[in-house]
Each structure stands twice: as C-alpha cells, then as structure tokens.
Amino acid sequence: MLLADSFAPIGNALFVMASPGCMDVITGSLAYAFQIYFDFSGYSDMAIGIGLMFNIMLPVNFLSPYKSLNIQEFWRTWHITLGRFLVNFIYFPMGGNRKGKLRTYFNLIFTFFISGLWHGANWLFVFWGTLNGVAVAIHRLWSKDLNMKMPKWAAFIVTFLFVWLSQIFVKCRDMGHAFDVFAALGDFSPEKYALFAEEFSSSEITLFIIGIWIIFFMPATDFFRRTFKPALWNLLLSLTLIVWSILSFNKISPFIYFNF
C-alpha cells in the first residue's frame, strides 16, 4: 500500500498518454516495474505471515529478483513457486536438458511460452513469455555452450534493462500500443522534455530514490524474517507502518494481478 500504490499513478499515466516522450516512457515504465515488484513482494510476505499464524510454513516466493546478474537467476528469484512448478511439470517431462542442445533450447522456450499463457490468455502475455524463454535460451548458449562471461556490473545492467523493458508488453493494451511506447523512447523533443520537467515533482523524485534504495541496496525481506528479534525499535517501526497503512485505506488501490 505504501510503496506499490505510490508508484501506480506514475506508471498508469504513461499508458494513457496520446504521445509520450522519452522521459515519460522511462519514468512511467520504471514506475510500473517498481509497482509490480513491491506488490508481488508484499503479497508473498503477506501469504507467508498469514500462514505462520496457522503454523504453516510456506516457501519463499520472492528473493530480490531485480538484483539478478542474468535472466535465469531472475526467474529463480521472481515467483519462485511458479518457476518450480513449470520446471517440474513441463520442462522435465519434456526431457529437460537430457535430449540434446536444440531440444533443450526448445524446452526452455516452450516452458516460458506456457508461463506467458498462465499469466494471461492474450498475445501480449504469450509474446512476453516467449521473449523471456528466448532470453533464457540465449543466456544458456552464452554461459554454458560458449562458456563466455561478462563483468558483473554489465551483467546486472543487461539483465535489469531486459526485465524492465520487457514488462512494458504486459501493461499495454495491444501490440501496436506497445510498439508506440517503445518508439517514443526515441522522442527527445525539447518541448516534451520541458513539459516533463515541469510536471515531474520533487515528491516523485524522492519516491524513486526510496524505491531504488530498497530494491537494490537492502537485503531481501526473507532476511528480516529469519533474523527478526523482538525489540522496542521493531515494535515502534511496526506500529508506525500499521497506522500509516490504515490511514491509507481510503485510497483507490486496484488489484493489478486480476490482469494475470
């Protein structure tokens, strides 16, 4: 509520613009990437917490995926339980990596094709899922078959850029809209930049700084669950966040995962 819902209006504004500029696309798509990150992280923690109230230990489902150094690592840390299900019930039964290199690449891409259908029965989700499958296959070719590596900083940048920009497809209305948004990345017109600078507030800048700090510089929330100890500071922090959340109940908070 406090993080994801704060990014939502920034992201939503991009996808209803008639003619966005480059900076609109960068900030809007990044806000959407942060929104679904904090939504999914929060949902996963809520499920684990509610399970513990009934003495049920649910598996970790979200483990700082935006810190990943390759696309395969990303999918091992984002929606972990879905990935485990797809591997065990689709990838392995199809032969996994036991039937040659070409069959392995096909199995990877097909598994992600099914993942796209699982998220939503439309062409955007199918394309997004298949695109990620192709990326995982390329990573396997690069790292295992060609035995090539890149510096960690470069691997991180390439991985995050791909994940961030590929998520545009699942937010757009249709494929034409998605291509229009990508085309707008090349629009550096001074008029649109001036309009963006005028409308982009200091509070939004502060929000992005907080989001970047939490996502990239803080440990995964599972770390805090495993290391938690009752203390006055934890009590005060928890009470503050609870009260803040309750006071935010009057905001419109659409459940974006109805789309998935």
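Where is the place of Asn 55 in this structure? Asn 55 is found in the loop between α2 and α3 (71-77), where helices (H or I, at least four residues) are DSSP runs numbered from the N terminus. The model is a predicted one, in which local features need pLDDT of at least 70 and side-chain atom pairs count only at pLDDT 80 or more, while totals for chains, interfaces and linings use all residues. Residues are numbered from 1 along each chain as its sequence is written, and side-chain values use heavy atoms, with hydrogens and water left out.

Most residues other than glycine have a negative phi. Asn 55, although not a glycine, has a positive phi of about 60°. Asn 55 is exposed, with a relative accessible area of 72%; the term exposed denotes a value over 50%, buried one under 20%, and partly exposed one in between (1.4 Å probe, protein chains only). Asn 147, in the loop between α6 and α7 (152-166), likewise has a positive phi, near 55°. Asn 147 counts as exposed at 60% relative accessibility.

The packing of two helices was considered next. Two packed helices are described by the angle between their axes and the distance between the axes. Helix α1 (residues 4-14) packs with helix α11 (residues 202-217) at an angle of about 120°, and their axes are 11 Å apart. Axes are lines fitted to C-alpha atoms, for helices over the stretch in contact, and angles run from 0 to 180 degrees between N-to-C directions. The two helices are therefore oblique to each other, since angles under 35 degrees count as roughly parallel, over 145 as roughly antiparallel, 65 to 115 as roughly perpendicular and the rest as oblique. The crossing of α1 past α11 is left-handed, a term used if the near helix is turned anticlockwise from the far one by less than a right angle. Ser 6, Phe 7 and Ile 10 of α1 make the contact with Glu 204, Leu 207, Phe 208 and Gly 211 of α11, contact meaning heavy atoms within 4.5 Å. Sorted by class, this contact has 4 nonpolar, 2 polar and 1 charged residues. Pro 9, also found in helix α1, is exposed, with a relative accessible area of 52%.

In soluble globular proteins, nonpolar side chains tend to be buried together. The largest nonpolar core of this model has 46 residues, of which Phe 34, Tyr 66, Trp 75, Trp 78 and Phe 208 touch the most other members. Such a core is a set of buried Ala, Val, Leu, Ile, Met, Phe, Trp, Tyr and Cys residues joined through side-chain atoms within 4.5 Å. Helix α2 (residues 22-53) gives the most to this core, with 10 residues. Beyond four places in sequence, Tyr 66 touches residues including Phe 34, Tyr 37, Trp 78, Phe 156 and Phe 216.

Two charged residues were also examined. Arg 140, in helix α6 (residues 123-145), is buried, with a relative accessible area of 19%. Neighbours within four places in sequence aside, Arg 140 is in contact with Asn 97, Thr 104, Tyr 105, Leu 108 and Asp 145. The C-alpha atom of Arg 140 is separated by 9.7 Å from that of Ile 71, 69 residues apart along the chain. Asp 222, in helix α12 (residues 221-227), is buried, with a relative accessible area of 11%. With neighbours within four places in sequence left aside, Asp 222 is in contact with Val 60 and Leu 63.
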